[in-house]
Amino acid sequence: MMKKKFPALSLLILTAIVIFCFACEGLMAMDPRYMDLAYCNEAPGKEFFFGTDTMGRDIFSMICHGGRISLTIGFLATLLSTILAVFAGSVSGCAPARIDGVLMALTELFLSVPGLLLTVFLQAVFGGANVYSLSVVIGLTGWMSMAKVVRTEVLQLRHTDYVLAAKCLGGGFFHVLFRHLAPNFFPSVLFMAVMNVRNAIIAESTLSFVGLGLPVEEVSWGSILSLSENALLSRSWWIILIPGAFLVGTLLCLTNLGNYMRGNANRRHSNLGCEKNHKKNMKQL
Amino acid sequence: MRKLYIDRMLYNVGKFVLRVFALSVLVFTISRLAPGDPLYAYYGERVEKMSVAQQEQARERLGLNEPLFTQYARWMQGACRGDFGISYQYKTDVKEVIAARIGNTLILGGLGFLLIFVLALWLGLFCAWREDRAADRIICKIGTVTSCVPEFWLSLLLLLVFAVWLDWLPGSGAYSVGKEGDAADRAAHLVLPLAVVVLGHLWYYAFQVRNRLLEEVRADYVLLARMKGLRGKQVLYRHCLRGALPSYLSMMAVALPHILGGTYVVETVFSYPGIGTLAYESARYQDYNLLMVVSLLTGTAVIFCNMLAGMISGRIDPRMRIHGLPGGGEVRG
C-alpha cells in the first residue's frame with residue numbers, strides 16, 4: 001500500500017501567493033491602474049521589480065492586484081458550481097427514474113455545448129463584464145461533470161439502511177442530504193472543487209485574454225496578458241513570462257493539492273513481473 | 001436478428017435527432033435572449049438610417065415581435081432548407097463564411113487529433129512499462145506541469161521563443177501573403193499551433209492510458225500469461241493493451257470534437273483563420289446568426305461522437321454488448 005505524500009511545498013507556495021495577493025496594499029509601490037507613459041516597456045530593475053507593460057503600468061502591482069481578482073473569481077465560481085452540482089446531483093440521484101432521466105439528459109445537453117462557447121453566450125446575455133458576472137458565468141458552465149459524480153455517489157447511498165432509517169423517522173430531503181449523504185460524497189466533491197477552482201482561473205484568464213472577459217482596464221492575470229501582442233512585437237519578455245509564471249504556479253499548486261485529496265492510491269503490486277517487482281514482493285514477504 | 005439491428009439503429013438515430021433538436025432550442029433561446037438587435041442580422045448598418053416607424057415595420061415583417069416559439073419554428077423552417085441567415089459582420093450567407101474557414105480548422109484539429117491519438121497511446125505504454133521508475137516519474141511530473149499551462153499562455157511562450165527570439169517559424173495566419181498554394185509555407189505556419197494543440201491535450205489522455213494499463217496489469221490473467229512463459233512486454237502489448245483499448249477508443253471518440261473544436265483559443269492567438277477565430281469574433285460583435293451555426297455545428301459533433309463512443313465500446317467489448325447484438329448469438333445477457 002502506498003500513501004501519497006502531502007504536497008507541503010505546493011501548499012506553502014499557494015499560501016504565499018494568496019498572502020502576496022491579498023495583503024499587498026502595503027507592498028504595492030504603485031497604483032496598478034496608473035499608466036505612466038514615461039516608463040513604457042521598462043525591463044525589470046530596481047524601480048520596477050517586474051518591469052512595466054506597454055501602457056506604462058507597474059507589473060509587480062498588477063500581479064498583486066490582478067491575482068486578487070483572479071483568485072476571487074476562481075473561488076466564487078467554484079462556490080456557485082459546487083452548490084449547483086450538489087443540488088442537481090442529489091436531486092437527480094434521489095428522484096424517481098423518469099425525473100432522473102430528464103435531469104441527466106439536461107446535464108448531457110449542457111455538456112455537449114462547448115464550454116467556452118457557452119461562457120461566451122452567457123457573457124453576452126449578462127452584458128458588461130465585472131468580477132461577479134464573470135464568476136456567475138464561469139460557475140454556471142462548470143457544474144455538470146461534478147453533478148454527475150455526486151449523482152453516482154448518491155445512487156449508491158440512497159438504499160443504504162441508515163438513509164432509509166432517516167427517511168422513516170421523517171427526515172426531509174435536506175436533512176438527509178446534509179446529515180447523511182453529504183458527509184459521504186464530500187471527499188470526491190472536494191477533489192473536484194479544487195480542480196474547479198483551477199478550471200475557473202483558467203477560464204477567467206482565457207476569456208480576459210481573448211477580450212471577452214474583464215476589460216483591459218480591470219487588471220486580472222488574464223487581462224495583463226491580453227496586451228501580449230504588443231509585448232511580442234517589442235520583445236518585452238517580462239510582460240509575458242512573469243505574470244504567466246504566477247498563473248501557472250498557482251494552477252500547478254492547486255492541481256497537486258487536488259490530486260492529494262483524491263485519496264490515497266491503494267494498489268496491489270503489478271503482475272507484469274520485472275526484476276523490480278520481484279524485489280518488492282520479496283521485501284513484502 | 002436483422003430486425004433487432006435495424007430497430008437499434010432507428011432508436012439511435014431518433015435519439016440523435018432529439019438531442020440535436022433540444023440543443024438547437026437551447027442555443028436559439030439563448031441567442032434571442034441575448035442583448036443586441038437581431039434587425040442588424042438582416043439589414044446590417046442600414047438599420048441606423050431607418051426611421052423608427054420603418055424599423056417597427058421591418059420587425060413586424062420579419063416576425064421579430066412574435067412569440068419566441070413562432071420565431072423558432074420559422075428559423076427551423078429556414079434551417080431545414082439550408083438557410084441559416086446572413087452574417088451581420090461579413091454581410092454574406094453564414095454558410096459561405098463557414099465554408100471558407102472550416103477546412104483550416106479541420107486540418108489543424110484533425111492533425112492534432114491524429115498526433116494525440118498515436119502519442120498518447122505510445123506514452124501511456126511507455127510509462128506503464130516503466131511504472132514508478134525514474135522515466136515514468138519524470139514524465140508524470142512534466143505531464144502534470146503541461147496540463148496546468150493554459151493553452152493561450154503556451155501559445156504565447158512558443159511565439160516568444162520560436163517566432164520572436166529565434167525567428168525560425170512564422171507566428172500568425174495560415175499562409176504568407178501571396179503563397180496560398182505553397183504547401184511548405186502552410187506547413188511552416190501549422191507547426192506552432194499544432195504543437196500547442198498536441199501539448200495541451202496529450203498528457204490528459206496519456207495519463208488515462210497509463211492508469212488503465214496499470215489496472216489491467218494487476219489482473220490475474222497476466223499472472224497466467226507469465227506462467228505460460230510469455231515475456232512481460234509481450235503480455236503488455238498483446239493482452240493488457242487489448243483490454244485497455246475499448247475504453248481508449250471510446251474516450252478518443254468523445255475527445256474528437258473537443259480537440260477538433262477545442263482549437264478556438266489557439267486559433268485566436270495565432271490569428272489562424274478557422275472556425276475558432278470566427279466563434280470569438282461573432283461573439284464579440286454579437287453576430288448571432290453566425291454564432292448559432294458555429295455552436296450548433298460543434299454541439300452536433302459532440303453529440304454524434306458521444307453516441308459513437310457508446311457504439312464503439314459495444315462493438316469491441318463483449319461485456320458492453322446488448323444481448324444478441326451485434327453479430328453475437330454467443331453472448332449471454
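Helices here are DSSP runs of at least four residues, and strands are runs of at least two, numbered from the N terminus.

**Figure 1. Chain A, a predicted model, is built from helices.** Chain A has 12 helices and zero strands. From the N terminus on, the order of elements reads α-α-α-α-α-α-α-α-α-α-α-α. The chain holds 285 residues, and 41% of them are buried. Take the contacts in chain A with a separation of 6 or more: 69% of these join residues 24 or more positions apart.

**Figure 2. Helix 7 of chain A crosses helix 8 of chain A.** Helix 7 covers residues 161-168, and helix 8 covers residues 173-210. Their axes come within 10 Å. The crossing angle is roughly 145°. The crossing is right-handed.

**Figure 3. Residues from helix 7 and helix 8 of chain A make the contact.** Helix 7 supplies A:Y162, A:V163, A:A166 and A:K167. Helix 8 supplies A:H175, A:V176 and A:H180. By type, the residues of this contact divide into four nonpolar, two polar and one charged.

**Figure 4. A:V102 is an exposed residue in helix 3 of chain A.** Helix 3 spans residues 97-112. A:V102 has 12 other C-beta atoms within 10 Å. A residue counts as exposed at 12 or fewer, so A:V102 is exposed. A:S92 is 10 residues away from A:V102 in sequence. In space, A:V102 and A:S92 are 8.8 Å apart, C-alpha to C-alpha.

Technical notes:
Residues numbered from 1 in each chain as written. Chains lettered and ligands numbered in written order. Predicted model: local features only at pLDDT ≥ 70, side-chain atom pairs only at ≥ 80, totals over all residues. Axes fitted to C-alpha atoms, helices over the stretch in contact; angles between N-to-C directions. Left-handed = near helix turned anticlockwise from the far one by under 90°. Contact = placed C-beta atoms within 7 Å. Nonpolar A, V, L, I, M, F, W, Y, C, P; charged D, E, K, R; others polar. Buried ≥ 20, exposed ≤ 12 C-beta atoms within 10 Å, placed from the backbone.
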